[in-house]
Amino acid sequence: MPSADLPLEECRAYRPELPLPDGFDDFWSGTLDEALHDGASDEPRYERADSGLSQVRTYDVSVPGHGGRPVRGWLHMPAGASGPLGCVVEFLGYGRGRGLAHEQLMWACAGYAHLIMDTRGQGWSTAGGDTADTCPGAAGTVPGFLTRGIESPETYYYRRVVTDAVRCVEAMREHPRVDPSRIVVTGVSQGGGIALAVSGLVEGLAGVMPDVPFLCNIPRGARLAGVPPYTEIAAYLRLHRDRTEQVFRTLSYFDAAQHATRATAPALFSIAMMDEICPPSTCFTAYNRYAGPKGVRVYEFNGHEGGAEYHRAEQLAWVRGLFAGLPTGPPDPS
């Protein structure tokens, strides 16, 4: 599809006004302090899983997340590796669950620990999930999650998800086989937005790789995107005509473009210029506001699939250089 958004030159300069909501930092520090207290008596659990593979060891993970409730995941490690490992913590795209134990092996095959966090309540699209959401209603119920608990920041669905993500990073920092100074967070689409939120909430990350990130400049996404998931917000406001200000106030606490202003770790973004799901101007909003060292790969003729396996190769090379102490400089030659 031809792009219906701003041209690339304008996207690179796009810095809209996104007022930070009152008490943004206090809200998140309080949320994470509360989560730490809720899970204080519980430890992450790692149970060896029989994936049938000899070169990768996989563990079924349970981490105390928001409210102390368990968040599932897979931890893959290269078999026979010695010494603390660099670690990639991955968050998943909208609707996807952690899948099966033998999937998603690239990072472990490259020599890193790799934690895949299940997304609570999701797992109804391309891969199944195992973590229930704590709000009323069945896990994974369509029409989706973007308006679940949207009445206030305290009840909003993504407050639970982002808290889960922070707790998973903390669990990896405490794992005896992981080097706590070499943790990178990443994700595609929704996972990219979650990674950006974590980048602004967790200090000392080694790197951040948001791939065609969702949840960036949410008001523009809700007004511009003609396909789900942003359309869930428009559908909600079409019914609740008097709640626009309230809804966008809630969403402002979870907008990845806000969290990007708090980030300090090096980042490698990817953005697709024909993306109908995450319009490129929304992704560039987060990139242009990102406060740490950064670079971007732009895929001019791709939709939401972005760079796909071409970009995986870019990420592998970037992480290898990052952990080797090489300059991460802007990798986008255009």
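Trainee: How do the residues of the lining of the largest pocket divide into nonpolar, polar and charged?

Mentor: The lining of the largest pocket has eight nonpolar, 10 polar and five charged residues. Here Ala, Val, Leu, Ile, Met, Phe, Trp, Tyr, Cys and Pro count as nonpolar, Asp, Glu, Lys and Arg as charged, and the others, Gly among them, as polar. The model is predicted, so local features need pLDDT of at least 70 and side-chain atom pairs count only at pLDDT 80 or more, while totals for chains, interfaces and linings use all residues. Residues are numbered from 1 along each chain as its sequence is written, and side-chain values use heavy atoms, with hydrogens and water left out.

Trainee: Which residues lie nearest the centre of the largest pocket?

Mentor: Of the 23 residues that line the largest pocket, Glu90, Arg96, Gln104, Val188 and Arg312 lie nearest its centre. Two or more lining residues come from each of strand 4 (85–91), helix 3 (106–109), strand 6 (178–188) and helix 11 (308–323). Helix 11 gives the largest share, four residues. Helices (H or I, at least four residues) and strands (E, at least two) are DSSP runs, numbered from the N terminus. The space in this pocket is about 500 Å³.

Trainee: What is a pocket, and what is a cavity?

Mentor: Both are sets of points on a 1 Å grid over the protein atoms alone: in a cavity a 1.4 Å probe fits but cannot get out, whereas a pocket is open, with protein on both sides within 12 Å along at least five of seven lines; lining residues have an atom within 4 Å of a point. Points are joined across faces, edges and corners, and a volume is the space filled by probe spheres set on them.

Trainee: What volume does the second largest pocket have, and which residues line it?

Mentor: Its volume is about 230 Å³. The lining consists of Glu17, Leu18, Pro19, Pro219, Arg223, Glu245, Phe248, Arg249, Leu251, Ser252, Asp255 and Gln258. By type, five are nonpolar, two polar and five charged. Helix 6 (218–224) and helix 8 (244–252) each supply at least two of the lining residues, and helix 8 has the largest share with five.

Trainee: Which residues have the most contacts inside the largest nonpolar core?

Mentor: In soluble globular proteins, nonpolar side chains tend to be buried together. A nonpolar core is a set of buried Ala, Val, Leu, Ile, Met, Phe, Trp, Tyr and Cys residues joined through side-chain atoms within 4.5 Å; buried means under 20% relative accessible area, exposed over 50%, and partly exposed in between (1.4 Å probe, protein chains only). The largest core here has 78 residues, and Phe91, Tyr158, Val198 and Ile233 have the most contacts inside it. Helix 4 gives the most to this core, 10 residues. A second, separate core of 11 residues includes Val88, Trp107, Ala206 and Met209.

Trainee: Which residues of helix 7 are buried?

Mentor: An α-helix has 3.6 residues a turn, so residues three or four places apart point the same way. In helix 7 (residues 231–239), the buried residues are Glu232, Ile233, Tyr236 and Leu237. Down the axis of helix 7 these fall within an arc of 130° and so line one face; the arc is taken from the directions from the helix axis to the C-beta atoms. Arg238 and Leu239 are exposed, on the face of helix 7 turned away from the buried side. Helix 6 and helix 8 are among what covers the buried residues, contact being heavy atoms within 4.5 Å.

Trainee: Where does proline 229 lie?

Mentor: Proline 229 is in the loop between helix 6 and helix 7. The peptide bond from proline 228 to proline 229 is cis, with omega near 5°.

Trainee: What is the phi of glutamine 104?

Mentor: Phi of glutamine 104 is near 55°, a positive value in a residue other than glycine. Glutamine 104 sits in the loop between strand 4 and helix 3 and is partly exposed, at a relative accessible area of 22%. Alanine 308, in helix 11, has a positive phi near 45° and is partly exposed at 32%.
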